Amino acid sequence: MGTPWDRAADGYLETWIPRFLPYHLDLVRELSIPEGARVLVTSSGPGGNEVLAVARAVGREGRVLATDASARMVEICREQVEKAGFSDRVTCAQADAAAVPDGPYDVIVCAFGLWQIVERELTLRSWARGLKKGGKVGVVAWGPAEVDDPFEQMRELLLELEPDVATHSHRVLASRESMAKMFSESELSMVRHTVIRHSLTFATAEAFVTALRESCTWRRVWETLGDERLARVAARFYDRSGGPLAPLTFQPPATIAIAARPGDEVVLGERTVRAPGVARLVT
């Protein structure tokens, strides 16, 4: 049967990727990926997002490795790559987020994957060691958190009603200071921090809950609780959002952070930026 992420993969591609795509494109744009670059896209999901955008950026001479821990996500990613005609430059493989096979890389990309990583410091250290000189790591993560964010409201209601199966927060500490500290503890130095927003729209609050239940991280919660108990959580959410048939549009903030090895010079747009600190890594 695979993992909950395996079972959620098809729905995730259909329901969430189109909504998350603007965030992914912003990340790729901020990274200024040059033609001919070697790029690792980790926690790539089903691939209809930053993987294809990165493939376009690197061109025919570039190479992209897209990895994900979910076998089904990797399978769908490979299908998306083939459909887009990028099989000549993109390889898809199943791997843990910390793995940096066949490095070093010019760029390592992770979109909305940080929150799932338990050993975050070790993973970021692995990425740091997997960079070429002048290479950069680019992440986008949800946050800073807002109390009226429907994602946060659902999680808080679950914590209140079903604390034993409450989900791990999909947020990371996204302030400039917190992100800089996270990178510095992992032998990286932050060179850019940007907060972005895009609109997510659902026809009804019920459609949002259905999408969350069937094709996102809540798949495991649904399978654990069953329909009746999850419906209790959903009912409380509908009370807050104006009812199950109320339309739902919100603009969740996300943070783009780019880091490099201390002392390295990296290109961002039209500028060359030196990462603060003294380089300590040997590759």
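Biologist: Which residue in β9 is the bridge partner of valine 137?
Modeller: In this predicted model, valine 137 has alanine 259 of β9 as its bridge partner.

Biologist: And in which sense do the strands β5 and β9 pair, parallel or antiparallel?
Modeller: Strand β5, which covers residues 131–142, and strand β9, which covers residues 253–260, pair in the antiparallel sense, and six bridges join them.

Biologist: What order do the strands of the sheet have?
Modeller: The sheet is open and has seven strands with mixed pairing, in the order β3-β2-β1-β4-β5-β9-β6. Its edge strands are β3 (90–94) and β6 (189–197), each of which pairs on one side only. On average, and with direction ignored, neighbouring strands of this sheet are turned by 15 degrees against each other.

Biologist: Which strands does α1 touch?
Modeller: Helix α1 packs on the sheet, where it touches β4 (105–111), β5, β6 and β9, and the direction of α1 makes about 155 degrees with that of β5.

Biologist: Switching topic, how much space lies in the largest pocket?
Modeller: The largest pocket holds about 890 Å³ of space. It is lined by 43 residues, and those closest to its centre are Trp5, Phe112, Trp115, Gln116 and Thr217.

Biologist: Which elements give two or more residues to that lining?
Modeller: Those elements are α1 (4–31), α5 (150–161) and α8 (219–225), and α1 gives the most, with six residues.

Biologist: How many residues of the lining are nonpolar, polar or charged?
Modeller: By class, the lining of the largest pocket is made up of 21 nonpolar residues, 15 polar residues and seven charged residues.

Note on methods
Residues numbered from 1 in each chain as written. Predicted model: local features only at pLDDT ≥ 70, side-chain atom pairs only at ≥ 80, totals over all residues. Heavy atoms only, no water. 1 Å grid on protein atoms, 1.4 Å probe; cavity = no way out; pocket = protein on both sides within 12 Å on 5 of 7 lines; lining within 4 Å. Points joined across faces, edges and corners; volume = space filled by probe spheres on them. Helix = DSSP H or I, 4+ residues; strand = E, 2+ residues; numbered from the N terminus. Nonpolar A, V, L, I, M, F, W, Y, C, P; charged D, E, K, R; others polar. Pairing = 2+ DSSP bridges. Axes fitted to C-alpha atoms, helices over the stretch in contact; angles between N-to-C directions. Contact = heavy atoms within 4.5 Å.
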